[in-house]
Structure formats: structure tokens, C-alpha cells
Amino acid sequence: MLENNGVGPAFIKSFTVKLDGAVVSGYGYDPLEEVIEVILHGLRRKEYFSYVGSGYALGVGEKRRMIDIRFLDCNAPDEEAMREKLKRIDVIIEYENLYGKMFRYSSYEELAMRSS
């Protein structure tokens, strides 16, 4: 979940998707769609993707779920197996606050923090 908890807008500077450390190229949310297909190939699911590109201003209090996956069968991976699959993906968002200070979000780093 991407969320702006600040007192002003967050100006998106870059949105990068990596799979196994390699940048996945594409436009919009296509890279997200591609990496999910790779790690969940063969599993029936419904997906929702969100994208924030360079120049987008994330408003105060705004929340964005970047990926939402609903499995359609009983063959959904268990929580630990899913966590291992997600470790292969890193969504990196670089953004700037109203005062010009740069910040970086990494889904891989967030997952690592939640796992410890």
C-alpha cells in the first residue's frame, strides 16, 4: 500500500519494477502485470494494478494499493509460499516532498521489515 502520511503532496519522480534484481521495462502498470504473471503462472486469479508515474502528485492522505490479487481456486499459495514469491519483486518509487527532499519506497524492503 502506497500512502502519503505527510503534510503536503508527494511528487512522484520515478516508478521502477524489478524481477530478480533486473528492471522490467514497459509502460504504465504493464511491468507489474508481467512480474505477477511470472511468479504466479498457472494459478487462476483476478488482479488489479495501480500505477503512479513521474509527475504524479500523491495527495495528503491518499492511499494506493499497487497490486491486489484474488485467487479463484483452492490452489492459492499459502502465506509463506506467497511471501517467497513476492521476494522476487521490487517496486521502487522515488518521490519528493514539497520542500524538495527526496525519498525512496521499496516493496522488497517493506516485505523484509514485515517478515522480521
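Author: Gladly! Let us begin with burial: buried residues make up 34% of the 116 residues in the protein chain. The model is a predicted one, where local features need pLDDT of at least 70 and side-chain atom pairs count only at pLDDT 80 or more, while totals for chains, interfaces and linings use all residues. Residues are numbered from 1 along each chain as its sequence is written, and side-chain values use heavy atoms, with hydrogens and water left out.

Reader: What makes a residue buried, partly exposed or exposed?

Author: Buried means under 20% relative accessible area, exposed means over 50%, and partly exposed is in between, using a 1.4 Å probe and protein chains only.

Reader: Then why is Ile36 called buried?

Author: Its relative accessible area is 0%, and the cut-off for buried is under 20%, so Ile36 counts as buried. You will find Ile36 in helix H1, residues 30–39. Helices are DSSP runs of H or I with at least four residues, strands are runs of E with at least two, and both are numbered from the N terminus.

Reader: Which residues is Ile36 in contact with, leaving aside its neighbours within four places in sequence?

Author: They are His41, Arg45, Glu47, Phe49, Ile67, Ile69 and Ile89. Contact here means heavy atoms within 4.5 Å. As for Ile89, 53 residues from Ile36 along the chain, the two C-alpha atoms are separated by 8.6 Å.

Reader: Why is Glu47 called partly exposed?

Author: Glu47 has a relative accessible area of 30%; that value falls between the 20% and 50% limits, so the label is partly exposed. Glu47 is found in strand S4, residues 45–49. Beyond its neighbours within four places in sequence, Glu47 is in contact with Ile36 and Asp68. The C-alpha atom of Ile93, 46 residues away along the chain, is separated from that of Glu47 by 21 Å.

Reader: How do you know that the side chains of Glu47 and Arg45 make a polar contact?

Author: A polar contact is a pair of N or O atoms within 3.5 Å; within protein, one must be able to donate a hydrogen and the other to accept it, and residues adjacent in sequence count only if both atoms are side-chain atoms. The side chains of Glu47 and Arg45 make such a contact at 2.4 Å. Asp68 is found in strand S7, residues 67–71, and touches Lys46, Glu47 and Tyr48 when residues up to four places away in sequence are not counted.

Reader: What makes Asn4 and Gly8 buried?

Author: Asn4 has 7% relative accessibility and Gly8 has 11%; since buried means under 20%, both count as buried. Asn4 lies in the loop between strand S1 (2–3) and S2, and the place of Gly8 is in the loop between S1 and S2 too. The side chain of Asn4 reaches the backbone oxygen of Leu58 at 2.8 Å. The C-alpha atoms of Gly8 and Val60, 52 residues apart along the chain, are separated by 5.6 Å.

Reader: What is noted about the phi of Asp20?

Author: Asp20 has a positive phi of about 55 degrees although it is not a glycine. Asp20 lies in the loop between strand S2 (10–19) and strand S3 (22–23).

Reader: Stepping back, how many helices and strands are there, and why is the chain called as compact as a globular protein of its length?

Author: The protein chain has three helices and nine strands. Its radius of gyration is 15 Å, close to the 13 Å that the globule rule gives for 116 residues, so the chain is as compact as a globular protein of that length. The radius is taken over C-alpha atoms, and the rule is 2.2 Å times the number of residues to the power 0.38.
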